[in-house]
Amino acid sequence: MTYRLYAFVNQYMATIQHGIQTAHVVAELFCKYRASAVLQRWAEVDKTIIILCGGDNAAMYDLAKFLSAAPYPDAIFFESPDALNGLLTCCAVIVPEKLFGGTDLSDRYTGELTAWEAEFLERKEKCKLAI
């Protein structure tokens, strides 16, 4: 199975910060899931990262809450209180290939999706690539 990391970055971060905040959340993933086979597979073999705009602070908290219910490795990153007043800058999840595309699954997946997976596809489609 192939995996990708989807990172959602706060819309108010400067472009250069998108990668930096994603690196922070990857570190959080390794702290939280040291023994995860999915995380190890992604880090050692797959390595693909998709960075999306997660929206404003309220949207980021909503995404973080949603991702925390994921059946896959997820993490969130907050800046320090001194740096950005504890701002939630990035949240991420590692998902299998059945969740790579959009909500039209006819070309790549014939099985059933869980409610969480279907909602993830809908949320992901609404987010633009962070540039």
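**Salt bridges and sheet**

Guide: Glu 117 makes a salt bridge with Lys 98, and 3.0 Å separates their closest N and O atoms. Please bear in mind that the model is predicted.

Visitor: Which parts of the chain does that pair link?
Guide: Glu 117 belongs to helix α5 (residues 115-126), while Lys 98 sits in the loop between β4 (88-96) and α5. The two residues are 19 apart, and the pair links distant parts of the chain.

Visitor: Are Glu 117 and Lys 98 buried or exposed?
Guide: Both Glu 117 and Lys 98 are buried.

Visitor: How many salt bridges are there by this rule?
Guide: The count is five. One of them joins the side chains of Lys 32 and Asp 74, at 3.5 Å from N to O.

Visitor: Why does that pair tie together separate parts?
Guide: Lys 32 is in helix α1 (residues 15-32) and Asp 74 is in strand β3 (residues 74-78), so the parts they tie together are 42 residues apart in sequence.

Visitor: And the accessibility of each: is Lys 32 buried or partly exposed, and Asp 74, buried or exposed?
Guide: Lys 32 is partly exposed, at a relative accessible area of 49%. Asp 74, by contrast, is buried, at 4%.

Visitor: What about Glu 119 and Arg 123?
Guide: Their side chains form a salt bridge with an N to O distance of 2.9 Å. Both residues are in helix α5, four residues apart, which is about one turn of the helix. Glu 119 is partly exposed, with 32% relative accessibility. Through salt bridges that share partners, Asp 62, Glu 119 and Arg 123 are joined into one network.

Visitor: Changing topic: in what order do the strands of the sheet run?
Guide: The order is β2-β1-β4-β3, in an open sheet of four strands with mixed pairing. β2 (49-55) and β3 are the edge strands, each pairing on one side only. On average, neighbouring strands are turned by 20° against each other, direction ignored.

Visitor: In which sense do β1 and β4 pair?
Guide: Strand β1 (residues 3-10) pairs with β4 in the antiparallel sense, over seven bridges. Among the residues involved, Tyr 3 has Pro 96 in β4 as its bridge partner.

Visitor: Which strands does α1 touch?
Guide: Helix α1 packs on the sheet and touches β1, β2, β3 and β4, its direction making about 125° with that of β3.

Visitor: And helix α2, which strands does that touch?
Guide: Helix α2 (residues 37-46) packs on the sheet as well, touching β1, β2 and β4. The direction of α2 makes about 95° with that of β1.

Conventions. Residues are numbered from 1 along each chain as its sequence is written. This is a predicted model: local features need pLDDT of at least 70, side-chain atom pairs count only at pLDDT 80 or more; totals for chains, interfaces and linings use all residues. Side-chain values use heavy atoms; hydrogens and water are left out. A salt bridge is a side-chain nitrogen of Lys or Arg within 4 Å of a carboxyl oxygen of Asp or Glu. Buried means under 20% relative accessible area, exposed over 50%, partly exposed in between (1.4 Å probe, protein chains only). Two strands pair if DSSP finds at least two bridges between them. Axes are lines fitted to C-alpha atoms, for helices over the stretch in contact, and angles run from 0 to 180 degrees between N-to-C directions. Contact means heavy atoms within 4.5 Å.
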